[in-house]
Structure formats: structure tokens, C-alpha cells
Amino acid sequence: MEIFTLSLIASTFVAATPLIWAAMGGLVSHQAGVFNFTLEGLMLFGAFFSVLFGTLTGNVWIGILLSGCICIALSFVWGWVVIDLGADQIISALGLILLAQGGTVFMLNSMLGQGGGIFSTVQLDPIRIPLVHGVPVLGPLFSNHTALTYLSWLLLPVFVFVLHLTPFGLSLRAAGERPEAAEAAGINVRLMRYIAVAITGFCCAMAGSQLALGLLAMFTDNMTAGRGIIAFAAVIFGRHRPLPVFLVALFFGFAGALTDRLQGFGLPSELLLTLPYVLTVLALAAAGARSVFKGLVSVPSSNA
Amino acid sequence: MPLIATVAGLLITSLLLLSIEVNPLNVYAALLRGALGSLFGVSSTLRWATPLILAGLAVSIGFKAGLFNAGLSGQIYVGGFVGSLIGFSITLPWGLHPVAAILGGGVAGALWAFIPAILRRYLGASEIVTSLMLWYVAIGVADFLVRQFFRDPTSAAFLMSVKVMPSAVLPSIFPVGNVSVMLFASIGASLLLSYLSARSRLGYEVRMTGANPRFAHYSGVPTGQRLVLAFCISGFLGGLIGASESIGINQRFVSQFDPGFGFDGFLVALLANGSLAGCIPAGLFLGVLKAGGAEVERALGLSKSIIWILQGSIILFVSAHRLRFLLSRLASQLRRARWKSSPSR
Amino acid sequence: MPTPIIQLIGVTKKFGSFIANQAIDLAVQPSEIHAIVGENGAGKSTLMKTLAGLHLPEEGRILLRGEEVLLGNPEIAMRHGIGMVHQHFSLIESLTVTENVVLSNPPQRGGVFRKRHAEQLVRELGDRYGLTVDPRRRIADCRVGVQQRTEILKALYRNPDVLILDEPTAVLTPQEARSLMENLRTLRDNGKTIIFITHKLQEVMAIADRVTVMRAGRIVLETEISKTSPNALAVAMVGHEIHAERKEHRPDLGNKLLELDHVTCSADGVGGSSLHDVSMTLRAGEVLGVAGVEGNGQSELVEIVTGLRLPNSGTVRLKGVDVTKASSPAAMRSLGVAHIPENRISTGLATTAPLMDNLIMGVHRSAPVARGIWIDQDAARDHARKLVQEFDVRPGDIRADAGSLSGGNMQKAIVARELTGDPEIIVAAHPTRGVDIGAAEFIYEQLLRRRDKAAVLLVSSDLDEVLRLSDRIVVMYRGSVMAEVLPQGLTSETLGLLMAGIKPAGGVAAPGAGGVA
């Protein structure tokens, strides 16, 4: 068994799907000027509700869409707290993550009487792409993924298009970069931010659904296990621009897939798993270095 | 503000409980009974309060300097690893050994915090994100080292190190439970740092750096150094938590041993509302929630997750400074409505 | 005369008790270039913001094309055909020129932004008025001149009849300024009415049709450009009554405390001006006034002297010692430099900290307030109380947050703190800005009292202040020292011209002592 095989790339796509969904969703908030650290919590909620509603309705897509709606609603609540109530974005996001961890377990116990986890009666089936499937190399790589994986690839062109080529995208970016200038141009900055966090919420629900219904067909306690943080790192590392964020998320997916593979060989995976985080720290340091070497006497800025 | 958020948190939790037809009052009663109703309960409360006070202190020190130590968990983890490393790899006389392990853990935490601190000072990189990322790096590195070199071979399921030397174990000072002398250390640290912050020249300069960094810089305060100092103290306190959990509670390094003290620290600090000594009551309050959670689970068959929900909803609202205006506006509208509907007017 | 396109009748605007505009009567004719000139704080910007719908006046009427209107917000003003280009740009850096211009109403079809079409529109708009831009370039990659053209295009995109520009040339190079003047002429010839605010009399003479001079919230002169001269405008701008109670010039000067030798530093982004080959000497026992329209390098000069900024070239000597390389705020303070900064809220105080903590800054390093590693609480309290009493800071509760004080009292607290401990060099930047007359008098008195032992570098755009306190005056213009003059026999006309960058024909009184190094 070799390490670098076609199936490694295929499993990269699988591992990257939730990261891409969450990171692409997260970048929309950042583009609108909301520092959105809730991804981990929203993903967890999304995973839980997709299993819950999928099982209740017996239809996987209804489950996923309802989960998306719930996550949009939860995003609105968080958005209200930070946009209208002026709460600290990080602190309240920590609150939401904690609520997700507590809330999903609570519902698991009280509504379903289960502890630890719950199996789903429905799941996202892999799709065989008719012409591609039988082709060597292309087939194993690009066929047999879930619909959410294929949709996640569509996010890149869609987001580039929406952010850059629609009046809505212009308004959203203006609201994020210079709210007062956007207001002066008649843009409703508050509305833009609410829409942005709603998009983030929906995308995180998709990320969670893929995790719960695409891979295992079950929900387990804290099953996101830090994937939301990695997605957040991808947003920061890619400086919330669609193409870099997409590629970074894909790369982090590759790191994850490679880790699994190495674990199969009995190699320690812990160090490799730190790669996304180390890279983000380095990227931030490098970005800082660029601005410092403009030759200014640096004055610390307040972030309180 | 902390009070309003706590009320809001209790309200949300109560609504959730009502939705599954559980009387919230029963839950809160069980909570208090579990935390304070017995010697074991009290000892359990104090056991949890010990790390929580330190965590709140660590976050508060950062706030004083205008810093946000989102990666406290990482400093705790590194402290836990180095603390237990000192505990199992060297031999020291009884009494000295735990001290060395705990201080070693503290220094390790401080060094781990030093990285984001200097990145912030020299490159202006947000300490919030870098320290958070370094948390995951800490987990990876410590777990890797333990798996490779110090793993307890008898435990197949869980990744944990070999036990620390008997001389390194931090004993319990209570007849029941797991309360160590670290309780006094954490209370002492609160009072000491509170005094230093209020009365020392260094504390003054750190506070001024946090209150207005530009003013401090203009006035000749070496703000960069003060930021690094405050962040390293924060990391040191985190390291103390990790080390004392390792040699006191687990008596070894256990992978993922930290049940979220880093985030709990934010809740403690926010409830303490900027006061360092205030971390003591705030830490005790959160200790009650943690200790009482078990009784809630046992007596009512509810999962401990209700406590997380309570904590989460308090944190969600605790920094929402406009909530107060909203509430007072609402109150005045209600008053006006009553005024209008009152027939005698 | 035709109906004025804009007519103001008795417009008064107050901020609290401060009257920014008092009973303004102004008429602007269609298709003219109307310049508004005046010193800082004369009320020009306030008046224009009133026209642009940003302020609502307390009294008076505004008539547009003969009809009375209420300009409640910028959107309403815009609909009445009034567009304004502010001094500070409000462009979105990551968007292109086109995207910024059309942001308020992007051309679209079926929810899709018609980028090509918009670019074409912007190009046509630019061609029509001679405002050449590359529609596809991102703002972040544009020079300041292009950014300003984008701002103007942004206003023109909404097709206004009246275009107001607030100090449009402040950030431009001379070449860019010349081309802007051309653009304004083109706009006028295309039927637009232009109102522009400026300090620069040359520009007024070059392109304006009419000019209005404001001073202290009132209009003091309104005339056609052909009937006036730069000298007449300068006199009107500065006023006549400035020689009031100036102190005697003191010839007995002490040692050279501060020497700047060919100091140059580069600008750091939009709006920041640079210093170009600045040399000056400051001796013990004198007040050196730095006059000039704001933004001509005074802030950078202060930052260099206080260690906040390092010069690119040249040397800074303190008491004969070269400190160019070793300079930092801490180092300069330890050498006896005190700094009353120009912005009291952002750099002068920690508004969320108690007044006491603000007052002991600096003295917390030495006895009696410092005691070993501690701060002696009693000594700190005594010190703070003493300063509060001496400088009459009200209310004098030293435990209250500094932010709860009024502007004047904040300033008194800062002056009190900075004058503690007998500094040898006192750098005072706009020490009485926004302060009531009583407090200002008090601050003057304190500064003059310190002059016996120390040297004072006074930076101010308030000419009365500079003339009254200074023993010597340097005038700065575009980052250079325009001239160095003695206040004796200095006319307001001369000073006004120097500040506008014009060397008077007859020459100026050069100082005997000190002098430009």
C-alpha cells in the first residue's frame, strides 16, 4: 500500500467538503465586516438538526434544508447580539459554541432519550457520475462523491460571481470595508451584515450535514471536533477572499486525509494535524511583517 | 452587566427546561444541593473553583492590558504536559517536587504565551487568532511527545502518560474529594495580582497600556514590553492550571484533560467585570455550577449539558453592552403603556 | 442678476454654546466658481456641511433656485442637486474606480452588475469633464490625485447642479492641484456650480469667480475676484486686531536646547504630509511659535521632536547631544521633553481611567510618587489633588474617570500633568483648541511662566495665539519652513500670505538671534 495514491486525493475531497462549506460561508461574514468565529458551533448544530429532521421526515434533503433554516435562525440570534446589542464578537461566538455543545447533547438526551450519539435512518448517497465513473483515474477521483461535495465545488464560482459581479456583492463588500462610506452611498449596512451571517449559517449547516449524513449517517457528541476552527483558520489564512480560502480549505482537507492515511501506517499523526494552525500563525506573522516594514514607528492599537 | 447576562442565561435555560416539562426550580435546587449540600459537594465546588479562579485571572490580566488570550487552553495544555513531565521524569524530595512541577508548568505556559505576545508586539499579528491556533499546536505537540516517549503502555484506549512519582503528587487537603493547596494558591494569586495591579508601578503601566495604548506610548511607557509581560503572566497562570490538574487530579498527563477551562476563564473574567479579586467569587460561582451539574444529572436524570447551555447563554449576552439600554427602553415603554391604560388618568 | 442657485438667509449653526456659523447671508450664482476662504475654525466646513444636509441649522432659511428647502440629510440634498466631496475621502480601497463611482446605484440587469457598461459610463463621465481615470484600477493602487478624481466622479455620477469641494487641493501635489483647477473650470463651463473651500489664496485668484471670506463664524467679505487682491483677502482672513497684548521680546536667551538640522521625513499614506529639509533651533527662555495652515508638516515636526517618529535624514540634537537614532518617547521624556499632544482624547488621556491615574503619568517613575516598585498611594493622591487645585480642574474628583470631564478641563489636566517636574523643552500642540477663553488665558499664563526656565515649541493654527505668545515664529508650508520672522512689526497680511505659501514682495523681518540654522 502506498501513501500517495489516487484514493488519497479522493479522500482529500471527502475530508475537505465540510471545511470548504464552512470556510466559504465564513468568508462572507468577514467580507461584510463581521468577525465570525461561530463556525464550529453552527456546524455542530447543523450536523445535529440534519440527522434529526432527516430521520423525522425520512427525506435526507428535507432534513438538510430544515437544518439550514435552523442555522440561519441561530445566526440571526447571534447577529442580533453582535450587530444590535454590540456584544464582543469573539466572546459571544464562544458562547454560541458552548451552546451548541450543550444544546445538541441536551436535545439528544431529552428529545431522543439517547446518550452519546444517534444513528440516522437516511444518508447522503454517493453519486456515480455516468460518463466519468468508468474512466480510469478520473472515475475514482471525481465520481462517487456526495451531492454536497459537488455543490461545495460550485461555491467558488458562485461566490466569486456574487461578490464581484452583482450589485449585492458590491454593497456587501462596501459595508464590510468602510461602513460609513457605504452608508453615505445609501447602503443599509446593518441589513448587509444580517444577510452575511445568514449565509454563513446556511453554509455551516451544509458543512455539518455532510459530516453527519455524508460520511457516517449518524450524529455523535461534539462530532465536529475542531473542524469549525480549521475552517475559521482557512478564512483568516486566505484573507477572506474566495479563491485563496477555497484552496486553503482544500489543502487543510488534504492534510486531514494524509493524517488518516499515515495513521493507517502507524505513524504519529498529531504533528501533521497541527499544520493548518502553524500555517495560519505564520501567515498572520508574515502579513504583520509586511505592514511593519513600511518604516512606521509602530504604535500599538487598541483592540479592547 | 454580568447580572443581566446571568438572568438572561437563567431565563433561556428555564424556558428550555419548561419545554421538556421539567420545573426549572427543581433543577436549580438540585444544583445548589449538589454543590453546597454536603461535604463532598463543597469539596467538589472548591476543586472546580481552583482552576476556574486561575483561568479567570489569566483572562482578566489580558483584559487589563487590552489583550485577548483566546489561546489560554493551549497554555494550560503545555503547562499540563511540562508539569507531569517534571513529575514523572525526575526525582525530587517530597514537598519540593510538586512545587517544581507546578512552577515548571507555569513557565512552560508563559513561554507558550510568549509566541503570540512577540508576534503582536513586533508584527502586529492579532494575538486572538495566533494564540487560539497555538492551542491546537500545543495539543498536537504534547500528544505526539507523550505517544512517542512517555505513553503508559497499560492503557490502550486512552492516550496518557505514565504516572508521576509519588513524591510529585499534589495531595488533597480535604477528607473527601480532590481539593489541593492550589486552592489557596489561586486565591492568593488573585489577591496578590489585584494588589500589584492597583499599587505597583508596573501594574499601573500595564493598566494604562490597556486603557489607552497611544496615550501610554506618548507618555513614554514601553507599551510593547508591558503587553508581552501581561500576556506571559496570563500564560503562566494557564500553565499553573495545567500542571496542578495533571499532578493533583489525574496524577499523570492525560490527553485532552482540559474540560474547557480556557473558555470558562472568559466567563469568570466577564462575571468578575474587570476586577482581579472578583475572580474569586466568580470562580466559586462557576464552581457551584460545575459541581452541582452532577447532582442535576443524578437526581433529575438530566444531562450535565444543561449547565453548558446556561454557561453558553450567559457568555453570549455578557458583553452585549447595548442590552441594558434595550431593557431600560423596554421598561420605560411598558411604564408608559401602563400609564396610558390606567383609567384614573 | 439672475436668481441665485443657492441663497442662505440668516443661517446660524450652534454646537452647544459654541456658535459655528452666525447669521450667514450668502448667495451663489449658477455656473460660477465660488471660493470660501478662512482660517481653521472659521466655520467654512460647517457651513458647507449644512448645505450638504449633514447639519441642520438652528436659524435661517436656505433657498434653492428661489425656493425654500429643508435639507434634512445628505440624500435629500443630493436629490436637490447638491453633491459634496469631503476633505477625507470615503472610498472603498478594494473596489475599482468604477465600482466606487457607481456604488450608490450600480447599473444592473436581472440582478447582475453590468460591469462593462458601468466602466463605459465612468469613462464617458470622465471624458466629459476632463477627469481622466482608469475605470478598472483598484482604488488601493491609485495615486491620491486619481482617488480625488474618483470622489468627484462619484458626486458627478448623481448629476448634481452644485458641487461642493472641501479643501480639494490639501492632499495633492502642485501638478495634481493644477490639473484639478482645470477640471473645475471644465465643470463650470458645462453648467455646474462649484463651491470650494480653501486656504490657498493663489488658487482663489487663479480660478474663482467670486470669493467669500469667513472669520470666526461670520462672513467678513464677499466680492468678485476681479475687485480684490491676495493682500486684501489675507487681511480679511486674519483680521486686524491681533497685536493686542503681546509680551515683550526677550533678548536674554540661554543655551541651545533643541536643534533640528536638515530633517526630512516621508509621508505615510493619504493625507499625511512630509517634512522637507527642516532646520530650526530652540533656545532656553524663548517661545518658538510654529504657524501655518494645518497639515503642512506641523504634526510631523512635533512627532520628531517628541520621539514618536524617526526622521529619514538629518539630525536632531537635544542639549547638544545627537539623539536622532536613540529617539523614542521614553528617551525624549527622560531628557526633559514634555508633550501636550494635539488630540487630547486619543493620545492625551486614558478616558476610561480615573483622573488620578491620568495625572500621575510620568511622575509615577520618580519619588515621592514612586517608592521602589510601588506607587505611594498617599503621595499620588496628594500630587493629583495639588494639580487639580493649582490648575483648577473641575470637577476635581480624582477618582472619577477622566472621560467625564469637559474638553476644557481635560486640557487643563493634560497641561497640568505635562508641566509638572519642570521640563526643559515643552512641546505644545494646539494647547487651547476647543477650550473656553478663561481656561485658554490660564494655559497661556502657565506656558509663559515656564518660559523663564524652559523653551517652548508652540504649534498652533490660531494666529492670535502664536503672535501673542511667541518670541520668534516659523511659518510652515508644504512641509518646509517658509520663513522665520519676529512678531514685532509683523502684519497680519504678511503672516496670512506666508501661510498661503506666498513670499511677500517687500521681504519680511528676519530674526536677529537664533535664526534658521
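Helices (H or I, at least four residues) and strands (E, at least two) are DSSP runs, numbered from the N terminus.

## Basis of the model

This is a predicted model, in which local features need pLDDT of at least 70 and side-chain atom pairs count only at pLDDT 80 or more, while totals for chains, interfaces and linings use all residues. Residues are numbered from 1 along each chain as its sequence is written, and chains are lettered from A and ligands numbered from 1 in the order in which they are written.

## Helix α13 of chain C

Five residues of α13(C) are buried (20 or more other C-beta atoms within 10 Å of their own, with C-beta atoms placed from the backbone): C:Ala380, C:His383, C:Ala384, C:Leu387 and C:Val388. They lie on the same side of α13(C), because the arc they cover around the axis is only 130 degrees; this arc is that of the directions from the helix axis to the C-beta atoms. An α-helix has 3.6 residues a turn, so residues three or four places apart point the same way. The cover over the buried residues of α13(C) includes α12 (355–359), β20 and α14 (407–418) of chain C. C:Asp378 and C:Gln389, on the other side of α13(C), are exposed, a term for residues with 12 or fewer such C-beta atoms; those in between are partly exposed. After α13(C) comes C:Asp392, with a positive phi near 55 degrees.

## Chain C as a whole

Chain C has 17 helices and 24 strands. Its C-alpha trace spans about 75 × 55 × 45 Å along the principal axes. The radius of gyration, taken over C-alpha atoms, can be set against a globule rule of 2.2 Å times the number of residues to the power 0.38. A compact globule of 517 residues would have a value near 24 Å, and the 25 Å of chain C agrees with this.

Buried residues make up 49% of the 517 in chain C. Contact between two residues requires that their C-beta atoms, placed from the backbone, lie within 7 Å. Of the contacts in chain C between residues at least 6 apart in sequence, 70% join residues at least 24 apart.

## Strand pairing in chain C

Two strands pair if DSSP finds at least two bridges between them. Strand β4 (residues 59–64) of chain C runs antiparallel to strand β1 (residues 6–15) of chain C, and five bridges join the two. β4(C) also pairs with strand β5 (residues 67–69) of chain C, in the antiparallel sense and over three bridges. C:Ile62 in β4(C) stands opposite C:Leu8 and also opposite C:Val69 in β5(C). The hairpin of β4(C) and β5(C) has two residues between the strands, and in it C:Arg65 takes a positive phi near 50 degrees.

Elsewhere in chain C, four strands form an open sheet with antiparallel pairing, in the order β14-β13-β16-β17. β14 (275–283) and β17 (321–322) of chain C are at the edges with a single partner strand each, so one side of each has no neighbour in the sheet. Strands β13 (residues 256–265) and β16 (residues 313–318) of chain C pair over five antiparallel bridges, and C:Asp261 stands opposite C:Thr315 in β16(C).

## Interfaces with chain B

Between chains A and B, 47 residues of chain A are in contact with 51 residues of chain B. On chain A, at least two residues each come from α3 (60–84), α4 (89–112), α11 (227–237), α13 (270–273) and α14 (275–292). α4(A) gives the most, with 15 residues. This side of chain A has 27 nonpolar, 17 polar and three charged residues. Here Ala, Val, Leu, Ile, Met, Phe, Trp, Tyr, Cys and Pro count as nonpolar, Asp, Glu, Lys and Arg as charged, and the others, Gly among them, as polar.

Chain C has 22 residues in contact with 16 residues of chain B. α10 (329–334), α11 (344–348) and β20 (374–375) of chain C each supply at least two residues of that side. By class, the side of chain C that touches chain B divides into 12 nonpolar, eight polar and two charged residues.

A:Gly113 follows α4(A) and has a positive phi, near 65 degrees.

A:Trp61 is found in helix α3 of chain A. A:Trp61 is partly exposed, because 15 other C-beta atoms lie within 10 Å. The C-alpha atoms of A:Trp61 and A:Leu124 are separated by 8.5 Å, although the two residues are 63 apart along the chain.
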